Amino acid sequence: MKVRFALLLLAVFCARPACAASINGHSYAPLADWAVAKGFRIAARHSDEITLTNRTARLVFEKDSHTAQINGVNVALSFPVAADKGQFSIAQLDLAKTVEPLVLPPPFSGKKIFTIVLDPGHGGKDTGNRVGGKYFGYSEKTYTLALAKELRDQLKAAGFNVQLTRTNDTFVELPARPDLANRKHADLFVSLHFNATESGKAEVSGPETYCITPVGAASSNAQGEGANAGATTANLSEKKSLLLAYQVQRALVKNLGVADRSVRRARFAVLRDAEMPAILVESGYMTHPVEGKKIFDASYRKQIASAIVKGVLNYQKLTAPPGELPAGSTNKVSSTRKTK
Ligand SMILES: [Zn+2]
């Protein structure tokens with residue numbers, strides 16, 4: 001009788017959502033159980049990799065990896081995937097904060113997007129990354145501003161209202177950047193940067209798109225705070241920020257045909273105080289011999305901007321309030337009317 005009762009308890013405990021286990025102090029769930037509960041099937045299973053599919057999504061998880069592949073796009077996980085004798089487990093926090101928001105139908109019907117604040121990284125005394133000589137080299141601040149202006153023009157053409165945190169080579173304090181977006185009641189905040197690496201310059205290339213780190217997890221960036229950092233204002237819209245980061249990263253990788261350095265997490269000063277979905281895009285590596293040269297070229301920046309616009313439009317499609325036309329198309333009509 002006692003055993004039957006214990007089994008019953010175990011069955012009840014394991015039924016929702018999956019039988020949890022603790023790994024390194026974090027709560028993990030078996031991926032196979034999660035897949036059944038959420039309507040996925042196991043399409044392939046090897047000792048170090050498992051692939052789950054449903055009608056619209058394909059997920060690949062690799063043993064010990066901090067990255068999941070979600071519909072062909074790399075997305076950083078907060079904790080590594082665990083596998084033991086072909087049984088894969090994933091942190092509950094990663095299911096709730098990263099996987100489910102991207103593969104289950106979004107429960108939120110977002111606000112129509114009208115105002116987008118673009119933040120050209122660095123400026124003035126803060127040059128950002130530098131490549132080449134001190135006086136004749138390339139400064140990140142120059143190209144983030146050039147990209148922001150190009151992106152502003154393309155987003156305006158798509159019908160959005162766009163504001164920049166700086167329009168010339170001036171220094172703007174980090175907290176002032178999301179603060180401007182908050183004061184303008186912006187619907188989205190996009191900070192623009194270009195990356196650099198000290199080692200492996202010829203090997204490291206491709207975009208990385210950051211959104212706020214979930215509470216209880218460490219950030220993906222090297223200087224990021226550990227798992228004990230508390231909640232920020234940006235955590236209130238973390239699921240939308242993740243979806244925006246995902247759509248922008250996806251559009252960059254698909255349209256530019258570049259290496260996918262994944263959607264990542266950070267509590268950057270420009271992200272954590274944002275009251276709206278906010279992302280930081282590192283559109284490529286200035287230090288890469290090929291990608292670097294392209295970044296310094298206006299025609300490639302046009303392609304980057306065009307990809308980011310596509311990402312924003314896809315995000316808008318997924319979050320538009322029910323029954324509403326995407327804001328971009330609606331706005332375009334009204335702004336065309338205005339000019340006539
Ligand atoms: Zn930067």
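Among contacts in the protein chain between residues at least 6 apart in sequence, 70% join residues at least 24 apart; two residues count as in contact if their C-beta atoms, placed from the backbone, lie within 7 Å. The structure is a predicted model, in which local features need pLDDT of at least 70 and side-chain atom pairs count only at pLDDT 80 or more, while totals for chains, interfaces and linings use all residues. Residues are numbered from 1 along each chain as its sequence is written. The secondary structure comes to 10 helices and 17 strands, where helices (H or I, at least four residues) and strands (E, at least two) are DSSP runs numbered from the N terminus. Of the 340 residues in the protein chain, 44% are buried. Here a residue is buried if 20 or more other C-beta atoms lie within 10 Å of its own, exposed if 12 or fewer, and partly exposed in between, with C-beta atoms placed from the backbone.

The largest nonpolar core has 83 residues, of which Ile-116, Leu-271, Ile-279 and Ile-308 touch the most other members. Such a core is a set of buried Ala, Val, Leu, Ile, Met, Phe, Trp, Tyr and Cys residues joined through C-beta atoms within 7 Å. Helix 6 (residues 238-256) gives the largest share of this core, 9 residues. Domain 1 (17-103) and domain 2 (115-331) both contribute residues, so the core lies between them; the domain bounds come from an automatic or database domain assignment. In soluble globular proteins, nonpolar side chains tend to be buried together.

Leaving aside neighbours within four places in sequence, Ile-279 is in contact with Val-190, Thr-209, Tyr-210, Cys-211, Ser-241, Leu-244, Ala-245 and Val-248.

Helix 6 also packs against helix 3 (residues 92-103), at an angle of about 65° and with the axes 10 Å apart. The axes are lines fitted to C-alpha atoms, for helices over the stretch in contact, and angles run from 0 to 180 degrees between N-to-C directions. The crossing of helix 3 past helix 6 is right-handed, meaning that the near helix is turned clockwise from the far one by less than a right angle. At this meeting, Thr-98, Pro-101 and Leu-102 come from helix 3, and Lys-239, Leu-242, Leu-243 and Tyr-246 from helix 6.

Two further helices can be checked for length. The expected span of a helix is 1.5 Å times one less than its number of residues. Helix 9 (residues 298-319) has 22 residues and reaches 31 Å from its first C-alpha to its last, close to the expected 32 Å. Buried residues of helix 9 include Ile-304, Ala-307, Ile-308, Gly-311, Val-312 and Tyr-315. An α-helix has 3.6 residues a turn, so residues three or four places apart point the same way. Among the buried residues of helix 4 are Tyr-143, Thr-144, Leu-147, Ala-148, Leu-151 and Leu-155. Just after helix 4, Gly-159 takes a positive phi of about 100°.

Most residues other than glycine have a negative phi, and most peptide bonds are trans. Lys-85, although not a glycine, has a positive phi of about 50°. Lys-85 sits in the loop between strand 8 (82-84) and strand 9 (87-91) and is exposed, with 5 other C-beta atoms within 10 Å. His-185 likewise has a positive phi of about 50° without being a glycine. The loop that holds His-185 runs between helix 5 (176-183) and strand 14 (188-195), and His-185 is exposed, with 11 other C-beta atoms within 10 Å.

Several other residues illustrate pairings across the sequence. Phe-40, in the loop between helix 2 (31-37) and strand 3 (41-45), is buried, with 20 other C-beta atoms within 10 Å. Phe-40 and Thr-53 are 13 residues apart in sequence, yet their C-alpha atoms are 5.3 Å apart. His-26, in strand 2 (residues 26-30), counts as partly exposed with 19 C-beta neighbours inside 10 Å. His-26 and Ala-91 are 65 residues apart in sequence and 6.8 Å apart from C-alpha to C-alpha. Finally, Thr-233 and Arg-272 are 39 residues apart along the chain, with C-alpha atoms separated by 6.0 Å.
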